Each structure stands twice: as C-alpha cells, then as structure tokens.
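I opened the notebook for a quick pass through this structure. Below is what I looked up, in the order I got to it.

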Amino acid sequence: MDDTVRTTAGVDVGGTRVKAVLVRGGSVLGRHVEPTPRDVAQSLGPTVAGVLERLRAGVPDAPAPDRVGLVVPGLVDEAGGHGVWSANLGWTDLDLRGSLAGHLAAEVVVGHDVRAGLLAEHLLGAARGVDDVLFVPLGTGLAVALMTGGRVVRGGTWTGELGHLRVQPDGPACGCGRRGCLEAVAGATAVGRRWREAGRAGDASDVAAAVVAGDDLAARIWQDAVHSLAAALAPVIASAGTRLVVVGGGMAEAGPTLLDPLRSSLAELLPDPDGVAVVRAGLGEWAGAIGASHLEPAPDRATASVPVPDLP
Ligand SMILES: [Zn+2]
C-alpha cells in the first residue's frame with residue numbers, strides 16, 4: 001500500500017444517528033451508521049472508537065486512519081476542540097478532543113457538522129468549483145455555513161446560527177428559550193407544528209405533499225416559512241457576494257416544491273437576482289461525515305476560516 005496516500009475517517013455525531021466514513025486518497029472506502037447512544041456526552045470516546053471499529057470491519061483490508069475528523073451540531077469551538085453547547089446531544093462545554101484521547105491512536109480534529117457539510121459539498125457535491133457558497137440544511141435545526149473566496153467562515157461560536165435570529169419578536173417559543181426565532185417560524189419542526197395546530201396530521205413532509213396536491217392551508221404555511229427564510233438569507237447573500245445557495249436537510253427532499261418558491265422569494269429581495277443560483281445539496285445526509293474526513297486541524301483562534309484541503 002502506498003504510504004504517501006493518507007487515510008482519514010470522518011465521524012458525524014448527530015442527535016439521532018452517528019455516521020462514519022473511511023476515506024483514502026479522496027475515495028470513500030466504506031460507510032457506517034448506527035443510533036446515537038443516549039449517554040453520548042458521557043461515552044463519546046468509547047462510542048467513536050466502537051463506531052470506527054465497526055466501520056473498518058465492513059471494509060476488506062481496511063487501513064487504519066491517520067486522522068479522525070469528529071463533527072457535532074450546536075455551538076463548537078473548533079480550535080479549542082470543545083462542544084460549547086448542544087441541545088440535541090445534551091452537553092455544555094464538553095472537551096470533545098479530550099474525550100477521545102486514549103480511545104483513538106489517530107490524530108483528532110474537531111469540527112461543526114454544517115461547516116463540514118459545506119466543505120464536502122464544495123469538494124465533492126453540489127458546490128464543486130464555486131467559491132462563494134451559502135449552505136442551508138433545513139432539518140430540525142436551522143444553522144447555515146458560509147464560504148467566501150473558497151474558505152469556510154468560522155468566526156465565533158455562534159457563527160451560522162441563523163435559526164436563532166429573531167424574526168417575529170412575539171412569535172412562537174423557540175427551544176433556546178426566546179420567542180420568534182427563525183427556527184421556530186420557518187424550520188421543519190415549525191412547519192409541522194403549524195399544520196397540526198390547524199387540525200391536520202403529519203409533519204413538514206406531509207405539508208410539502210399537500211402543497212403539491214393544491215391544499216390552500218398547506219400553501220399558506222409553506223409560503224410563510226419560505227418568505228421568512230428568504231428574508232433572513234438575502235442580507236447574508238447580498239453582503240457576502242454569494243453565488244450559490246445549496247439547500248440540504250430533510251426539507252430539501254421536497255425538491256422543486258421548496259427550491260422554486262425560495263428562488264422567487266430571493267429574487268424579489270436581492271439586488272442581483274440573476275447572480276445567485278439555488279440548488280439542492282448533492283451529498284445528502286453524508287455531507288457532514290465526508291466533510292469531517294477532509295478536515296484539517298483548525299488554525300489558531302485569530303484565523304476565522306476553515307482551510308480547504310487539496311484533493312489528490
Ligand atoms: Zn431560538
């Protein structure tokens with residue numbers, strides 16, 4: 001085996017599932033997924049070590065990774081290797097890198113799931129060849145990641161947490177304790193909640209199906225969510241010179257039902273609507289793990305962006 005080719009693993013610890021990939025020379029050798037243990041905050045080291053063992057067991061002659069990228073949701077201090085806060089995973093200021101010490105032989109790099117997802121979409125997915133990108137995964141949460149000039153913007157720990165931007169001061173309660181956050185108005189959970197409050201059954205995917213079937217209530221709820229989302233994204237796009245918006249997460253499975261009205265809403269707001277394309281993400285739920293496998297050690301805190309590695 002050629003020793004100059006690097007083997008890395010990417011592990012994406014999410015609220016419900018842990019996804020892992022083994023990558024060598026830019027090619028994905030294997031993928032593995034399993035449920036996130038309830039006590040993951042206390043058992044992160046053994047959990048990640050076990051996941052990597054089962055991942056490698058599924059790959060014939062699997063090489064050992066030289067580096068493991070670990071990505072998590074919530075607020076992440078990449079340079080310090082800390083999970084500052086995650087509502088889903090139930091931790092506050094967890095030393096992620098320290099939790100893995102002693103459990104893995106490889107070097108460990110810590111990252112944020114959405115920023116890693118953007119990195120993967122840029123290297124291998126829907127944003128290949130574009131250096132000014134806004135990645136918008138629409139799932140339970142609503143964090144975004146921004147790339148300008150080919151670098152993923154990192155900044156402070158709240159970077160990208162657009163879901164907690166207050167868009168309706170007297171709006172619905174948000175999981176963060178405030179009212180009227182974008183996530184509580186336009187996220188998948190919010191769309192499903194409005195639908196059920198109106199006496200219907202199901203979640204955001206049922207609302208999307210009802211939009212296609214011509215249901216007026218569904219169309220109203222959907223359009224409100226899209227308008228609120230576009231109003232929050234447009235100033236970011238206009239300030240950063242974004243050329244491409246990549247939409248992912250569960251709500252993106254609605255395809256044109258989401259992308260078409262989002263394109264029109266943005267076109268109404270942006271000074272240069274023709275300069276911005278809106279597309280669906282290319283790597284689906286694996287973007288975070290694949291991005292994690294390509295993470296480079298974060299530079300010191302003074303440098304506010306994530307380096308993009310060269311692929312062979
Ligand atoms: Zn909030």
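Is Ala238 buried, partly exposed or exposed? Ala238 has 45% relative accessibility, so I put it down as partly exposed. I keep in mind that this is a predicted model.

**Ala238, continued**

I looked up where Ala238 sits and found it in helix α7, which runs over residues 216-240. Leaving out residues up to four places away in sequence, I get Leu270 and Pro271 as what Ala238 touches. I also checked Ala238 against Asp260: they are 22 residues apart along the chain, and their C-alpha atoms are separated by 19 Å.

**Zinc site**

Next I went to the metal. Which residues give the zinc ion its protein donors? I noted His164 through ND1, and Cys174, Cys176 and Cys181 through SG, at 2.1 to 2.3 Å from the ion. Along the sequence I read the donor spacing as H-x9-C-x1-C-x4-C. For the geometry, I found angles of 103 to 124 degrees among the four donor atoms, and the site is tetrahedral. The cut-off here is that all angles lie between 85 and 135 degrees, so these four donors qualify.

Cys181 has a relative accessible area of 0%, so I wrote it down as buried. Cys176 comes out at 30% relative accessibility and therefore counts as partly exposed.

**Val279**

Where does Val279 sit? I found it in strand β13, residues 277-280. Val279 is partly exposed, at 28% relative accessibility.

**His122**

I moved on to helix α3, residues 113-124, which holds His122. Is His122 buried or exposed? With a relative accessible area of 11%, His122 is buried; the cut-off for that word is under 20%. A polar atom of the His122 side chain lies 2.9 Å from the backbone oxygen of Val130. Val130 is also among the residues His122 touches, once those up to four places away in sequence are set aside; the others are Ala127, Arg128, Gly129, Asp131, Met147 and Val308.

**Rings**

I searched the whole structure for aromatic pairs and got zero. I did get a charge over a ring, though. Arg31 lies over the face of Trp286, 5.2 Å from the ring centre.

Last, I looked at phi. Most residues other than glycine have a negative phi, so I wanted the exceptions on the page. Asp61 has a phi near 50 degrees, a positive value, and is not a glycine. I found Asp61 in the loop between α1 (40-57) and β4 (67-72). At 71% relative accessibility, Asp61 counts as exposed.

Asp93 is another non-glycine residue with a positive phi, about 45 degrees. I placed Asp93 in strand β7, residues 91-95.

Notes: Residues are numbered from 1 along each chain as its sequence is written. This is a predicted model: local features need pLDDT of at least 70, side-chain atom pairs count only at pLDDT 80 or more; totals for chains, interfaces and linings use all residues. Side-chain values use heavy atoms; hydrogens and water are left out. Donors are N, O and S atoms within 2.8 Å of the metal (3.2 Å for Na, K and Ca); water is not among the atoms, so sites may look incomplete. Four donors count as tetrahedral if all angles lie between 85 and 135 degrees; four count as square planar and six as octahedral if opposite donors are over 155 degrees apart and all others between 65 and 115; anything else is irregular. Buried means under 20% relative accessible area, exposed over 50%, partly exposed in between (1.4 Å probe, protein chains only). Helices (H or I, at least four residues) and strands (E, at least two) are DSSP runs, numbered from the N terminus. Rings of Phe, Tyr and Trp (its six-membered ring) pair if their centres lie within 6.5 Å; planes under 30 degrees apart count as stacked, over 60 as edge-to-face and the rest as tilted. A charge sits over a ring if NZ of Lys or CZ of Arg is within 6 Å of the ring centre and within 35 degrees of the ring normal. A polar contact is a pair of N or O atoms within 3.5 Å; within protein, one must be able to donate a hydrogen and the other to accept it, and residues adjacent in sequence count only if both atoms are side-chain atoms. Contact means heavy atoms within 4.5 Å.
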